[in-house]
Amino acid sequence: MPILRLEMHPGRTPEQKRTFVREVTRVVVETLVCPPESVDIVISEVSREDWAKAGKLVADK
């Protein structure tokens, strides 16, 4: 069972997330030759205040 975890900043619409999980699931099924029911995707939204890049909080950029 493939489990994919995506971390991103908040702000995407539910429709964008639906499109994302549909398309990612399609690619996983084609690539790994597995049934769509076996593909789990977890989306975690992390605020810009809790995300750092290159030693700086993303919120400070």
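Good morning. I begin with Ser38, which counts as buried because its relative accessibility is 17%, under the 20% limit for that class. The model I am presenting is a predicted one. Ser38 is found in the loop between α1 and β2, the strand of residues 40-45. A polar atom of the Ser38 side chain lies 2.7 Å from the backbone oxygen of Pro35. Leaving out residues up to four places away in sequence, Ser38 touches Met1 and Pro2.

Is Met1 buried or exposed? Met1 counts as exposed, at 69% relative accessibility. Together with Ile3 and Val42, Met1 makes a nonpolar surface patch of about 300 Å².

I turn now to helix α1. The helix runs over residues 14-32, and Thr25 has its place there. Does its length fit expectation, or what do we find? At 1.5 Å a residue, the 19 residues of α1 should span 27 Å, and the end C-alpha atoms are 26 Å apart, which agrees. Thr25 is buried, with a relative accessible area of 17%. The side chain of Thr25 reaches the backbone oxygen of Val21 at 2.6 Å. Not counting residues up to four places away in sequence, Thr25 touches Pro36, Val39 and Ile41.

Side chains of opposite charge can pair when their charged atoms come close. The count for this model comes to five salt bridges, and I shall describe some of them. Arg22 and Glu23 meet in a salt bridge through their side chains, at 3.9 Å from N to O. The side chains of Arg26 and Glu23 also meet in a salt bridge, at 2.9 Å from N to O. Arg26 and Glu23 both lie in helix α1, three residues apart, about one turn of the helix. A further salt bridge, at 3.2 Å from N to O, is formed by the side chains of Glu30 and Arg26. Because Glu30 and Arg26 are four residues apart in helix α1, about one helical turn separates them. Salt bridges that share partners join Arg22, Glu23, Arg26 and Glu30 into one network.

Arg26 is partly exposed, with a relative accessible area of 38%. Glu30 counts as exposed, at 54%.

Two backbone angles deserve mention. Just after α1, Val33 takes a positive phi of about 50°, although Val33 is not a glycine. Val33 is found in the loop between α1 and β2 and counts as exposed at 70% relative accessibility. Ala54, also not a glycine, has a positive phi of about 55°. Ala54 lies in the loop between β3 and β4, the latter being residues 56-57, and at 76% relative accessibility Ala54 counts as exposed.

Arg48 counts as partly exposed, at 40% relative accessibility. How far apart in space are Arg48 and Pro10, C-alpha to C-alpha? The two are 8.3 Å apart in space and 38 residues apart in sequence. Leaving aside neighbours within four places in sequence, Arg48 is in contact with His9, Val58 and Ala59. Thank you for your attention.

Note on methods: Residues numbered from 1 in each chain as written. Predicted model: local features only at pLDDT ≥ 70, side-chain atom pairs only at ≥ 80, totals over all residues. Heavy atoms only, no water. Buried < 20%, exposed > 50% of the residue type's maximum accessible area, 1.4 Å probe, protein only. Polar contact = N/O pair within 3.5 Å; in protein donor to acceptor, adjacent residues only side chain to side chain. Contact = heavy atoms within 4.5 Å. Expected span 1.5 Å × (residues − 1). Patch = residues over 30% accessible without salt bridge, like charges linked within 9 Å, V, L, I, M, F, W, Y side chains within 5 Å. Areas by Shrake-Rupley, 256 points an atom, 1.4 Å probe, with all protein chains shown as cover. Salt bridge = Lys/Arg side-chain N within 4 Å of Asp/Glu carboxyl O.
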